[in-house]
Amino acid sequence: MREFHSYRPAEGHRLKHEPANSIVAPRPIGWISTVSSEGVANLAPFSLFNIFSYRPLIIGFSSGAEKDSVRNARETGEFVWNLVGRDVTDVMILTGDEVGPEVDEFEMAGIEKIASIDVAPPRVAASPAQFECKVTEIVHLKDLDGIPSDFRVVFGQVVHVHINQECILDGIYQTTHAIPVSRGGGPADYYEAHADALVKKWRRGPITPVDRKREFSK
């Protein structure tokens with residue numbers, strides 16, 4: 001019989017590092033660009049990010065406290081998500097430094113901007129794909145007792161998508177062509193996605209009990 005390390009989060013995990021961040025991994029990186037009401041561009045990575053709806057296409061990122069990205073998104077109603085490929089990982093990490101709202105992280109990290117079409121925040125020119133978004137809602141998370149936490153989730157509807165043509169083959173976006181980098185376990189670990197890491201291809205049609213038995217017997 002397996003033994004488990006079990007705990008109630010409210011009472012502490014009794015480990016050297018928060019395990020939940022490593023269990024729910026890898027996670028896409030929310031590399032979010034915004035513009036302040038004063039016109040200053042901001043670029044910051046968030047490890048709490050994902051897609052939540054296909055139609056309409058809605059994505060969201062979560063931030064502890066009212067950071068510049070959240071405040072800018074709240075004030076202007078816009079943000080851009082930039083996909084983190086292997087080529088831009090090092091500069092992405094630089095934009096995670098805590099700096100004042102007057103600092104343009106694009107300029108600080110030497111990142112080339114490219115203009116968006118339907119929103120004001122610029123895109124990362126070297127990013128393999130970008131989503132221009134309009135804010136739909138910002139949710140201040142609460143605990144079971146209704147007490148607000150430090151975290152806010154910013155949801156946005158994607159109004160314009162940009163994809164590097166090199167990542168499209170025969171009309172299909174090739175996920176691993178960009179070598180996407182995700183947040184993994186540990187205090188600050190990142191992992192790449194490669195085609196040879198594919199476990200199984202999804203196939204159309206129902207899976208029968210015989211198929212399932214055959215699969216698990218391998």
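Two strands count as paired here if DSSP finds at least two bridges between them. With that in hand, welcome to this predicted model, where 7 strands form an open sheet in the order E3-E2-E6-E9-E10-E5-E4, with antiparallel pairing. E3 and E4 (49-53) stand at the edges with a single partner strand each, so one side of each has no neighbour in the sheet. On average, neighbouring strands of this sheet are turned by 35° against each other, direction ignored.

**The E2-E3 hairpin**
- E2 pairs with E3 (residues 41-46) in the antiparallel sense over 6 bridges, and Ser33 stands opposite Leu43 in E3.
- Together E2 and E3 form a hairpin with 5 residues between them, and in the turn you will find Gly39, which has a positive phi of about 95°.

**From E2 to E6 and E9**
- On to E6 (residues 78-82): E2 runs antiparallel to this strand and is joined to it by 3 bridges, with Ile32 opposite Trp81 in E6.
- E6 in turn is joined by 5 bridges to E9 (residues 129-142), also in antiparallel fashion.
- Val80 has Glu132 in E9 as its bridge partner.

**The helix on the sheet**
- Helix H2 (residues 68-76) packs on the sheet and touches E2, E3, E5 (58-64), E6, E9 and E10 (148-163).
- The direction of H2 makes about 50° with that of E2.

Conventions
Residues are numbered from 1 along each chain as its sequence is written. This is a predicted model: local features need pLDDT of at least 70, side-chain atom pairs count only at pLDDT 80 or more; totals for chains, interfaces and linings use all residues. Side-chain values use heavy atoms; hydrogens and water are left out. Helices (H or I, at least four residues) and strands (E, at least two) are DSSP runs, numbered from the N terminus. Axes are lines fitted to C-alpha atoms, for helices over the stretch in contact, and angles run from 0 to 180 degrees between N-to-C directions. Contact means heavy atoms within 4.5 Å.
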